[in-house]
2 protein chains.
Amino acid sequence: METIDAMKWRYAAKRMSGKKIPEHKINKIIEAMHLAPSGIGLQPYELIIITNNELKNKIQPIAFNQMQIVECSHLIVFAAWDTYSNKRIDKVFDHLAKERNLPLEKTSSQRNFSKSFFGAMSEENNFHHAAKQAHIALGIATLTAALEGIDATPMEGFDPIALDALLGLKEKGLKSSMLLALGYRNDSNDWNLNLKKVRKPMSEFITEIK
Amino acid sequence: METIDAMKWRYAAKRMSGKKIPEHKINKIIEAMHLAPSGIGLQPYELIIITNNELKNKIQPIAFNQMQIVECSHLIVFAAWDTYSNKRIDKVFDHLAKERNLPLEKTSSQRNFSKSFFGAMSEENNFHHAAKQAHIALGIATLTAALEGIDATPMEGFDPIALDALLGLKEKGLKSSMLLALGYRNDSNDWNLNLKKVRKPMSEFITEIK
């Protein structure tokens, strides 16, 4: 499918069919997210990819009992860093230096900038920043999925504290920021499918300064 | 280009050639962003699309003098709502009702939910929420651009207060959250072009629960 056709085809499926996404297609969506850009390349989030039915059943009640939680093929939890610690920042730049065959000192200016930039922010704003980077990947995932004819429903309607507890995220220094249900729309019973896609008028969306 | 090839091809171009993006291609990138999903469909941000050279020259010094600001074809400023006011929320749902030929009352449950959800949040967190939605569109723009062979460099290295003042965003209830330079890489002098693209190991990026 072509980009704009894919973006028009996609919608937030509220009912899915339970059909499984083939391995090579889910891998493509994950790889696209893995390649997503992020501020200073820190990739300050992880993805928890859930296909386990028992776990999906436990998540459903803490996500307003939404049906796509259990009817999707893969449920992805975006789990963002709770804070940009120096240890985490060092780990990124140590890995970068190794992959690029650089002496560690060559990474020190970006490394020190990152530490002072995020160190000067509140912990809450560290998390907001990390979650924003995860949203870039979320956008890329929705388009990648649509291009493959796969439905992707972003959801922020869930209790993050309960979800973090269920998944043991706090112990890992992570906080859930978003859910993404990937699967196939159920044409026969999704009330959301036939509603007209509405966006604000283009004239209120963009301002051109030529 | 295929999705993964496009994601591997793309990088944050730090030098661009000044070549102009054809109208139909820039329109495709803008349309993809216009179709991007957002929380409760509120689209709480606007895009300022700058091709004016004089204005780009004024922005460059408040963005660490980055060259891609002036060498890009189109500079996009993501300008997010400073707050989710009831007036803004009403406008979205009035438009939705009109486009879907629904009586206004049919939108009242989502309308009221939005008002109480965002009303209970601090103004700062309203802005973070709005900026996160803009990041979804940013992700979609980077992939859409890459699929068209266009470079897209996201930038948060700028002084948002100075940029808001320059563009008169405060008066519109907007705050700049991100810049995106769209254009064409300058193969001959971009130090960033030949650096190996490094991402954290996939094993540290995803956790599968089967």
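This is a predicted model: local features need pLDDT of at least 70, side-chain atom pairs count only at pLDDT 80 or more; totals for chains, interfaces and linings use all residues.
Eleven residues of domain 1 of chain A contact nine residues of domain 2 of chain A. I noted about 860 Å² buried between these two domains, with 64% of it on carbon and sulfur atoms. On the domain 1 side, Ile40(A), Leu42(A) and Trp81(A) lose the most area to domain 2 of chain A, and together they make up 62% of what that side buries.

What about charges? I found a count of one salt bridge between domain 1 and domain 2 of chain A. Separately, I looked up Asp82(A) and Arg88(A), whose side chains meet in a salt bridge at 3.1 Å, N to O. Four residue pairs are in polar contact across the interface of domain 1 and domain 2 of chain A. I sorted the residues on the domain 1 side that touch domain 2 of chain A: four are nonpolar, five polar and two charged.

Last stop was the core. Which residues touch the most other members of the largest nonpolar core? My list reads Phe78(A), Leu182(A), Phe78(B) and Leu182(B), out of 138 residues in that core. I followed up on Phe78(A): leaving out residues up to four places away in sequence, its contacts include Met33(A), Leu47(A), Ala134(A), Leu138(A), Met178(A) and Leu180(A). Glu46(A) and Lys175(A) are also among the residues Phe78(A) touches.

Notes. Residues are numbered from 1 along each chain as its sequence is written. Chains are lettered from A and ligands numbered from 1 in the order in which they are written. Side-chain values use heavy atoms; hydrogens and water are left out. Contact means heavy atoms within 4.5 Å. Buried area is the accessible area (1.4 Å probe) that two parts lose on being put together, summed over both. A salt bridge is a side-chain nitrogen of Lys or Arg within 4 Å of a carboxyl oxygen of Asp or Glu. A polar contact is a pair of N or O atoms within 3.5 Å; within protein, one must be able to donate a hydrogen and the other to accept it, and residues adjacent in sequence count only if both atoms are side-chain atoms. Ala, Val, Leu, Ile, Met, Phe, Trp, Tyr, Cys and Pro count as nonpolar, Asp, Glu, Lys and Arg as charged, and the others, Gly among them, as polar. A nonpolar core is a set of buried Ala, Val, Leu, Ile, Met, Phe, Trp, Tyr and Cys residues joined through side-chain atoms within 4.5 Å. Buried means under 20% relative accessible area, exposed over 50%, partly exposed in between (1.4 Å probe, protein chains only).
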